[in-house]
Amino acid sequence: MAVKSVIEAVREGMFEEMCRDPDVFLLGEDVGPRGGVFLASQGFYEEFGRDRIIDTPLAEASIVGIALGAAYKGMRPIAEIQFSDFIWPAANQLIGEAGRVCYGTNGNLSVPLVVRVPYGGGIRGGLFHSQNVESYFFHTPGLKVVAPSTPFDAKGLLKSAIRDNNPVVFVEHKKTYRMVRGEVPDDDYVLPLGVADVKRAGSGVTVVSYGLMVHYCLEAAEALSGEGVDVEVVDLRTLKPLDVDTILDSVRKTGRVLIVHEDNITGGVGAEVAARIASGAFDYLDAPIGRLCGPDVPTMPFASSLEEAYMPSTESIASELRNLAAY
Amino acid sequence: MARVSRAPSTETALPTKHKQLGLSDDEILGIYNKLVLIRAIEERIWALNRQGKVPIAASSQGHEAAQLGSLTAAQKDGSCFLFPYYRDVALKIAVGLEPEQVMRSFMGKVGDPYSGGRQFPFQGADLPHKIIQISNVVSAGVTQATGYALAGKLKHEETVVLCYFGEGGSSQGEVHEAMNFAGVHNLPIVYICENNRYAISVPQNRQMAVGNVADRAESYGFRGVVVDGMDFFASLQATSDAILHARSQGPILLEMKVERFMPHTTDDDDRRYRPSNEVETARQQDPVLTIADYLKVHGILTDEQLDSMRNEAQEKVDEATDSAEAAPPPDASTIHDHLFAS
Ligand SMILES: Cc1ncc(C[n+]2csc(CCOP(=O)(O)OP(=O)(O)O)c2C)c(N)n1
């Protein structure tokens, strides 16, 4: 196994699926000779040619709408939205249409579509290059939402998403792209959608998270181990379908839980997780369910001071965990 | 088909192209002085990015003639409101920002006139200079600009809106929706497309099957004009005409053909997709050179004056950089401020 970055894992996952299945093709802004602004498709244009690697006009509604149409005909498009912040012109096609196709045709049509979405902050992206968009799609029936945190998960989940017969919004945290590295098997493997992963086993407090924040949670857990607090870190990996069983199993074991995400707290994924825990593991709780999330402002501002104030950090997570453990 | 607008040719206009356009020697010299300062600021910003002091920047280098020409027309008119886009750096400085305000905006410091450090440089609003640009979402401002023009009309004001976007941005569905609406309601708006033939890496022939964005205007019931956006005077002339047209007859689309001298932003590496000599060739039309030549030919600028202009610009940029660097970022406790209006 070789050590790779998240962006390399994404690239490999797409590349292998494109080799495996001629129905897979990629469309988006600058995905061609430029190789994507994050270089997710570096070298693809040369390998697969311009019929399968389509540099689109700058128009997201058409990127998703056209991908959707091609999916009706059995192709497996991967639509790249350059930054999550620019997905809104495509909201109608994605939220309004894609999630309703299978249901609305009584199962006669399916949508094997992946929309890849670099998202998230901590990179001085300001209000329009940092957004957490996942909860809008999380709320939408008929869409699956995947949010990997490691290279291993990114590749295995992306390959599953491409093979899935449903519209999958695959959000990739930009800050993890080059920051997070890990072992990735060279052979063909897939990871099932809808299965969370216990990234660190522990018995004292559960922390549930996804994406970049998983790494901050792991660091916080490590820091607390010296203080005798044994933290279990549950990485959701797939936001939808949500793996409620893994969450409840962990909470039943520890009796204390903190939910961490970068997205705004109100109506975020954590609200749903908290509700599921409250109804599924109430008798096991030794402390109120905690949430440490982005504040309710429109994304982290550009200034370093304000961005820092927005983002949950290893320190703020550790401090919340400490409080929960002592409750 | 779009019409082609050119400035009066040099032969017939000699020696006073600028005077024909209503600019005195002092005024054209002042505009050039600003251009020299703007170039110095932009070059410093790029360098500051490489030093890790400015997280991101887009540059207007190559677009300045179009931006300053159209701005000069707007300023001469006096009743224009601007909806620029992120590449309109020269325009946004030239309206009257101090170099230090510029630097504070690029560094995300207190005193950023656009967003107080909440947004990317120069995103937000500079209302004292009649500018709104809420976001980086390409072309999201185009329908908004159209709504602003509608409001001006409903209020029986003289306001003409100038709305800027790139040719890449012209592909957005909302641009079609905006222009269609403006055509139906005969709104006082000038759409200005700065066409540098690239949307980041995507060349024009992968963005559209037509040669001119201006050709689309006809389908909305108004006129489209192709302008040589490397020519300050042509840009000024075309925009002055367009403003009068918009006020009396309704919308018009100007397509300013320009060059992008720099990579898309400080994050981009254009060697991946651009022929190596393309920029070099384009730089022969650099307005910083061509306007200087013009001024010298007409005895308005000497080499000595040019030298001292450049030195003065460097001094201003040095000072602005130092004080912006020393300025604090906004206090973390302000993160919740202004979520709603009071
Ligand atoms: C809706 C949206 N999609 C994508 C982007 C990313 N992006 C920023 S600028 C740009 C290219 C714009 O090209 P053009 O409109 O021609 O303007 P130029 O930068 O060449 O001046 C892209 C794709 C964005 N900011 N907004």
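First, the ground rules. This is a predicted model, where local features need pLDDT of at least 70, side-chain atom pairs count only at pLDDT 80 or more, and totals for chains, interfaces and linings use all residues. Residues are numbered from 1 along each chain as its sequence is written, chains are lettered from A and ligands numbered from 1 in the order in which they are written, and side-chain values use heavy atoms, with hydrogens and water left out.

Let's start with strand 5 of chain A, residues 114–119. Strands here are DSSP runs of E, at least two residues, numbered from the N terminus. Is strand 5 of chain A buried or exposed? Six of its six residues are buried, so the rest of the structure largely encloses it. Buried means under 20% relative accessible area, exposed over 50%, and partly exposed in between, with a 1.4 Å probe and protein chains only. Look at both faces. Val114(A), Arg116(A) and Pro118(A) are buried on one side. Val115(A), Val117(A) and Tyr119(A) are buried on the other.

Now its neighbours. Two strands pair if DSSP finds at least two bridges between them. Strand 4 of chain A, residues 76–80, pairs with strand 5 in the parallel sense over three bridges. In one of these, Glu80(A) has Arg116(A) as its partner. Strand 7 of chain A, residues 168–173, also runs parallel to strand 5, joined by six bridges. There, Val115(A) is partnered by Val169(A).

On to the ligand. Where does the ligand lie? Between chains A and B. The shell around the ligand has nine nonpolar, eight polar and four charged residues. Ala, Val, Leu, Ile, Met, Phe, Trp, Tyr, Cys and Pro count as nonpolar, Asp, Glu, Lys and Arg as charged, and the others, Gly among them, as polar.

A backbone N or O atom of Val138(B) is 2.9 Å from a ligand nitrogen atom. A polar side-chain atom of Glu167(B) is 3.0 Å from a ligand oxygen atom. For Gly169(B), a backbone N or O atom is 2.8 Å from an oxygen atom of the ligand.

Take Cys193(B): its nearest cysteine sulfur, that of Cys163(B), is 10 Å away. Cys193(B) is buried, at 0% relative accessibility. Cys19(A) is partly exposed, at 48% relative accessible area.

Definitions and conventions
Helix = DSSP H or I, 4+ residues; strand = E, 2+ residues; numbered from the N terminus. Near = heavy atom within 4 Å. Polar contact = N/O pair within 3.5 Å; in protein donor to acceptor, adjacent residues only side chain to side chain. Disulfide = S-S within 2.5 Å.
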